[in-house]
Amino acid sequence: MGLLSRKQRTNLVDLCIILFLTGVAITCLVPFLYMIALSLSSNNAIISQKVALWPVEFTIETYKTILNDIEMIYTLGYTIVLTIIYTIICMFLTVCAAYPLTKRRLKGRSFFLTFLVFTMYFSGGLIPSYILVKNLLMINTIWSLVLPGAMSVFNLIILKTFFSSLPESLEESASIDGCNELGILVRIVLPLSLPAIATLSLFYAVDRWNGFQDALFYITDKNLYPMQLKLYQIITANQQLDAQQGEGSMGAFIVPESLKAASVMFATVPILVVYPKLQKYFVDGVMTGAIKG
């Protein structure tokens with residue numbers, strides 16, 4: 001009598017899964033809400049540690065500090081263009097490398113795969129990379145932020161695996177109809193691979209948008225600062241002002257915590273706007289119904 005029926009066990013498992021996923025979602029959401037609350041709270045409220053998940057003494061002074069800098073708007077537009085160029089070049093190279101590696105008739109395929117995987121574990125290091133970029137005359141150019149990381153081997157393996165999962169019958173049919181390899185790739189493979197391409201494009205875009213270290217090493221021209229480096233300059237400048245003024249005048253300046261929170265939100269919103277546009281490709285069953293007849 002104490003045993004649960006099969007349906008009850010299934011419902012219990014579903015409930016546990018829902019509760020677990022809800023807990024994970026809350027864990028991810030709470031820090032985000034806290035950052036929003038910090039960015040919209042007054043200095044006194046933050047200093048007094050009154051801010052939790054809701055703004056206290058609502059203010060938008062931190063956002064005004066960021067947006068009042070005319071260079072910030074330029075940096076935002078520049079970073080968007082940089083991210084688009086980087087994503088296009090990365091996806092082009094990734095597709096061009098992944099598609100041939102799915103063909104067993106490619107001579108030296110095992111060697112190329114081994115060589116690419118080798119680079120995932122071993123690299124030249126920071127100093128050799130800097131010397132290479134310098135010798136290629138890419139210091140203080142947009143290409144220093146694009147070409148050194150223009151292709152991720154991990155993303156290449158993901159895309160190669162996705163290409164390999166596509167039915168060979170589709171390519172054979174296209175070949176019989178007179179399509180060459182380029183035509184098969186453009187007309188058959190890429191349209192069916194939109195979920196993978198959209199996912200990897202988002203990975204590349206987020207990676208470039210959040211990129212900071214390479215810009216810190218390769219860029220000294222303020223006109224070429226990406227968003228993350230620009231925000232770093234604002235935060236460090238604010239911290240220096242606060243240190244110089246001392247604790248007695250903290251209320252006259254925006255505290256670092258508030259400015260950091262507003263900076264995070266300012267840098268996160270563009271990605272949050274893009275993500276819903278690509279999310280549909282994550283769940284679309286593009287292959288469903290691709291082979292019928």
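Reader: Before we start, what counts as a helix here?

Author: Happy to begin there. In this predicted model, helices are DSSP runs of H or I, numbered from the N terminus. The length each run needs is at least four residues.

Reader: How many helices and strands does the protein chain have?

Author: From the N terminus on, the elements run α-α-α-α-α-α-α-α-α-α-α-α-α. The secondary structure therefore comes to 13 helices and 0 strands.

Reader: Which helix holds both Lys64 and Glu61?

Author: The side chains of these two residues, Lys64 and Glu61, meet in a salt bridge at 3.7 Å, N to O. They sit 3 residues apart, about one turn of the helix. Both belong to residues 61–67, which is helix α3.

Reader: How many residues apart in sequence are the parts that Glu71 and Lys230 tie together?

Author: Here too there is a salt bridge, with the side chains of Glu71 and Lys230 meeting at 2.9 Å, N to O. Glu71 lies in helix α4 (residues 70–101) and Lys230 in helix α12 (residues 227–245), so the pair joins parts whose separation in sequence is 159 residues.

Reader: Is Lys230 buried or exposed?

Author: Buried means under 20% relative accessible area. Lys230 has a relative accessibility of 9%, so Lys230 is buried.

Note on methods
Residues are numbered from 1 along each chain as its sequence is written. This is a predicted model: local features need pLDDT of at least 70, side-chain atom pairs count only at pLDDT 80 or more; totals for chains, interfaces and linings use all residues. Side-chain values use heavy atoms; hydrogens and water are left out. Helices (H or I, at least four residues) and strands (E, at least two) are DSSP runs, numbered from the N terminus. A salt bridge is a side-chain nitrogen of Lys or Arg within 4 Å of a carboxyl oxygen of Asp or Glu. Buried means under 20% relative accessible area, exposed over 50%, partly exposed in between (1.4 Å probe, protein chains only).
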